[in-house]
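Q: I have a fold open beside me and would like to learn how to read it, one feature at a time. Shall we go through it together?

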Amino acid sequence: MFEHYRDVMDVFDVAEALCIGKNRVYELLGNGTLKGFRIGRVWKIPRTAVQEYILTQSKLK
């Protein structure tokens, strides 16, 4: 699905992949809906976490 993205994405990659704003990505990370981790001030999000988020959201609807 997101093979052309790196295994560990940043906020801008996730925003582009999901077609949402970076503030929304920060919100999803902050409330734990999207799994990620911080290195200093920079969020890193595993590509598998983005795919998991999409599957979870599609099952809720």
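A: Gladly! Helices (H or I, at least four residues) and strands (E, at least two) are DSSP runs, numbered from the N terminus, and the expected span of a helix is 1.5 Å times one less than its number of residues. This is a predicted model, in which local features need pLDDT of at least 70 and side-chain atom pairs count only at pLDDT 80 or more, while totals for chains, interfaces and linings use all residues. Residues are numbered from 1 along each chain as its sequence is written, and side-chain values use heavy atoms, with hydrogens and water left out.

Q: How many residues does helix H3 have, and what does it reach from its first C-alpha to its last?

A: Helix H3 (residues 47-60) has 14 residues and reaches 20 Å, close to the 20 Å expected at 1.5 Å a residue.

Q: Which residues of H3 are buried, and which are exposed?

A: Buried means under 20% relative accessible area, exposed over 50%, and partly exposed in between (1.4 Å probe, protein chains only). In H3, the buried residues are Arg47, Ala49, Val50 and Tyr53. Viewed down the H3 axis, the buried residues fall within an arc of 160°, so they line one face of the helix; the arc is that of the directions from the helix axis to the C-beta atoms. Thr48, Leu55 and Lys59, on the other side of H3, are exposed.

Q: Why do residues three or four places apart point the same way in an α-helix?

A: An α-helix has 3.6 residues a turn, so residues with that spacing point the same way.

Q: What covers the buried residues of H3?

A: Contact means heavy atoms within 4.5 Å. The cover of H3 includes strand S1 (8-9), helix H1 (11-18), helix H2 (22-30) and strand S3 (42-46).

Q: What is the order of the strands in the open sheet?

A: Strands of a sheet pair through backbone hydrogen bonds, either parallel or antiparallel. Two strands pair if DSSP finds at least two bridges between them. Here three strands form an open sheet in the order S1-S3-S2, with antiparallel pairing. S1 and strand S2 (37-39) are the edge strands, each pairing on one side only. S2 and S3 are joined over three bridges in the antiparallel sense, and Ile39 has Val42 in S3 as its bridge partner.

Q: How many residues of H1 are buried, and what do they pack against?

A: H1 is mostly covered, with six of its eight residues buried: Val11, Asp13, Val14, Ala15, Ala17 and Leu18. These buried residues pack against S1, H2, S3 and H3. Asp13 has a relative accessible area of 17%, and Asp13 touches Tyr5 and Arg6, not counting residues up to four places away in sequence.

Q: Which residues have the most contacts inside the largest nonpolar core?

A: A nonpolar core is a set of buried Ala, Val, Leu, Ile, Met, Phe, Trp, Tyr and Cys residues joined through side-chain atoms within 4.5 Å. The largest one has 17 residues, and those with the most contacts inside it are Val14, Val25, Leu29, Leu34, Ile45 and Val50. H1, H2, S3 and H3 each supply at least two residues of this core, and H1 gives the most, with five residues.
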